[in-house]
Amino acid sequence: MKRDTAETPFFADGLKFSCTRCSSCCRYEPGFVFLSQVDLALLVKGLQMGYTETMKTYCRWVKAGGDLEWLSLKEKSGYDCIFWQGGCSVYEYRPLQCRAFPFWHSNLASPEAWEAAAAFCPGMGKGEVHTASVIHNWLAHRRAEPPITRKAKSPGGEC
Ligand code: SF4
Ligand code: SF4
């Protein structure tokens with residue numbers, strides 16, 4: 001097994017990933033797409049709907065651990081993302097969480113975590129090599145733009 005330390009993570013030589021556009025990360029399974037302040041501002045601008053309308057139409061507060069609620073996109077019936085319309089209808093201004101995939105802290109926690117995620121994403125481990133520097137940039141970008149949270153009010157409450 002490859003060394004995996006803070007100084008030499010298992011992805012030190014880069015990781016292969018090229019999206020096959022299978023769409024499975026946008027559809028079929030329940031999940032959360034968390035929104036940062038920057039994400040929300042981009043959506044409001046891109047949708048040209050205004051903050052309140054964007055929140056009401058596309059967002060929900062979810063419990064995702066701890067006593068906080070996290071701002072996430074809504075899902076349609078069948079668990080498709082609210083923005084899935086035969087493709088991502090907000091692709092140019094989709095949330096950072098989507099743009100950064102699969103270079104998430106959770107997927108990069110260990111080689112095993114990466115392999116486990118790859119079992120659900122046919123693009124991981126294939127195609128373009130993303131350097132360690134590029135991967136670190138995604139991690140830093142996510143840290144710099146954390147999801148919006150609030151103190152929990154009611155379970156699964158809407159915006
Ligand atoms: S699961 Fe992977 S290959 Fe499929 S659309 Fe998502 S990122 Fe692309
Ligand atoms: S915002 Fe777009 S890329 Fe992100 S989960 Fe929804 S449909 Fe997929």
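Predicted model: local features only at pLDDT ≥ 70, side-chain atom pairs only at ≥ 80, totals over all residues.

Visitor: What makes β2 and β3 a pair of strands?
Guide: Pairing takes at least two bridges between two strands. Strand β2, residues 59-63, and strand β3, residues 68-73, are joined by five bridges. They therefore count as paired, and they run antiparallel. Valine 62 has tryptophan 70 in β3 as its bridge partner.

Visitor: How do you know that β3 also pairs with β5?
Guide: The cut-off is again at least two bridges. Three bridges link β3 to β5, residues 149-151, so these strands pair too. This pairing is antiparallel. Here leucine 68 stands opposite lysine 151 in β5.

Visitor: Why are β2 and β5 called edge strands?
Guide: The open sheet has three strands, in the order β2-β3-β5. β2 and β5 each have a single partner strand, so one side of each lacks a neighbour in the sheet. On average, neighbouring strands are turned by 35° against each other, direction ignored.

Visitor: Which helix packs on the sheet?
Guide: Helix α2, residues 51-58, does, touching β2 and β3. Its direction makes about 60° with that of β2.

Visitor: Why is aspartate 39 called buried?
Guide: Buried means under 20% relative accessible area. Aspartate 39 has 3% relative accessibility, so it counts as buried. This aspartate 39 lies in helix α1, residues 37-47. Leaving aside neighbours within four places in sequence, aspartate 39 is in contact with Phe34, Pro95, Leu96 and Arg99.

How values were computed:
Residues numbered from 1 in each chain as written. Chains lettered and ligands numbered in written order. Heavy atoms only, no water. Helix = DSSP H or I, 4+ residues; strand = E, 2+ residues; numbered from the N terminus. Buried < 20%, exposed > 50% of the residue type's maximum accessible area, 1.4 Å probe, protein only. Contact = heavy atoms within 4.5 Å. Axes fitted to C-alpha atoms, helices over the stretch in contact; angles between N-to-C directions.
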